[in-house]
Amino acid sequence: MFVFKKVKNLQKYIQQKKNEGNIIGFTPTMGALHNGHISLLKISQQNADISVCSIFVNPTQFNDKKDLEKYPRPIVADIELLEKNNCDALFLPSVEEVYPNNLQSLDLDFGKLDKVMEGEFREGHFAGVAQVVKRLLDIVLPDKLFMGQKDFQQFTIIQSMIDQLNVPTELVVCPIMREESGLAMSSRNVRLSEKGRKEATLLYKTLGEAKQKMEQSTPKEVEKWAMKELSAPGFKPEYFTIVDGYTLQPIKTFEETDYVVACLAVWLEGVRLIDNDILKKA
Ligand code: AMP
């Protein structure tokens with residue numbers, strides 16, 4: 001696996017691969033890699049000729065400085081894992097490389113998409129995400145971009161950015177990888193105690209039970225029930241919202257759209273966890 005720290009060197013490599021007629025697949029990450037990330041790489045390998053991953057903990061998407069400081073950075077293990085899984089190239093840039101002084105700022109309007117859920121609780125988060133993904137896409141110029149359903153609102157906003165700017169990249173959304181217990185894999189899980197990891201299965205359990213309640217309840221009733229479930233000792237829920245999967249806006253009835261998604265964020269042991277489940281899709 002090639003490891004590039006400089007934009008120039010990565011671009012030379014990618015240009016050569018493109019000239020040879022290869023389809024380029026790209027998976028951006030913030031590192032502390034787990035099988036969720038690797039599943040994206042595997043889907044890239046099935047859909048592209050050359051698979052590039054990046055590891056960059058993007059400071060502009062953290063609204064909480066402590067969260068940024070505490071973000072795990074096991075870079076040696078990450079490189080080993082990518083090598084073991086036959087990643088072709090890793091982009092591992094510094095902050096200066098991603099954000100040179102002369103970089104143009106990105107000012108996009110996502111309408112209501114970034115006003116709810118993560119956007120409501122993490123001010124400026126999606127402006128930072130859009131900024132870094134746009135910059136990475138400008139550098140890598142991939143044919144295909146691989147992102148996880150785990151961050152439902154994130155991929156929806158990136159699709160909106162791609163559409164608004166006519167970026168010639170296809171977004172491929174990949175399913176959520178879970179531990180056997182049902183807990184969604186996340187780089188933040190390493191900050192949970194063993195007990196916390198077990199308790200955190202409550203998130204998936206609540207999503208599953210919410211799905212069953214759809215038949216006989218309104219979205220509001222299910223949300224209210226779920227917030228109570230997620231208020232178990234040690235937990236602090238931020239939101240449990242049932243939304244239209246296209247617009248990300250809360251729905252009043254389960255019949256008003258053919259794409260229904262339940263999204264949640266909770267705090268446990270000082271760690272912020274998110275998860276979601278598609279309750280209905282036509
Ligand atoms: P992150 O390193 O957390 O920024 O995540 C990088 C990419 O991996 C994003 O597109 C995430 O949605 C995706 N991802 C994170 N966790 C999972 C998971 N458990 N299953 C599938 N994809 C994931």
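Predicted model: local features only at pLDDT ≥ 70, side-chain atom pairs only at ≥ 80, totals over all residues.
The axes of helix 1 (residues 7-19) and helix 7 (residues 125-140) come within 9 Å. I read a crossing angle of roughly 50 degrees for this pair. Helix 1 and helix 7 are therefore oblique to each other.

I then listed the residues at this contact. From helix 1 I noted V7, L10, Q11 and I14. On the helix 7 side they meet R135, D138, I139 and V140. By class I count five nonpolar, one polar and two charged residues in the contact of helix 1 with helix 7.

Next I looked up the ligand. How many residues surround the ligand? I find 17, and the closest are M30, H37, D151, M177 and M185.

For M30, a polar backbone atom is 2.9 Å from an oxygen atom of the ligand. For M177, a backbone N or O atom lies 2.8 Å from a nitrogen atom of the ligand. For M185, I again have a backbone N or O atom 2.8 Å from a ligand nitrogen atom. I also took the area: the ligand alone exposes 490 Å², and the protein buries 92% of that.

Last, I asked which elements supply the shell around the ligand. Strand 2 (24-29), helix 2 (35-47) and strand 5 (144-148) each supply at least two residues. Helix 2 gives the most, with three residues. For the classes in this shell I wrote down nine nonpolar, six polar and two charged residues.

Terms used:
Residues numbered from 1 in each chain as written. Heavy atoms only, no water. Near = heavy atom within 4 Å. Polar contact = N/O pair within 3.5 Å; in protein donor to acceptor, adjacent residues only side chain to side chain. Areas by Shrake-Rupley, 256 points an atom, 1.4 Å probe, with all protein chains shown as cover. Helix = DSSP H or I, 4+ residues; strand = E, 2+ residues; numbered from the N terminus. Nonpolar A, V, L, I, M, F, W, Y, C, P; charged D, E, K, R; others polar. Axes fitted to C-alpha atoms, helices over the stretch in contact; angles between N-to-C directions. Parallel < 35°, antiparallel > 145°, perpendicular 65-115°, else oblique. Contact = heavy atoms within 4.5 Å.
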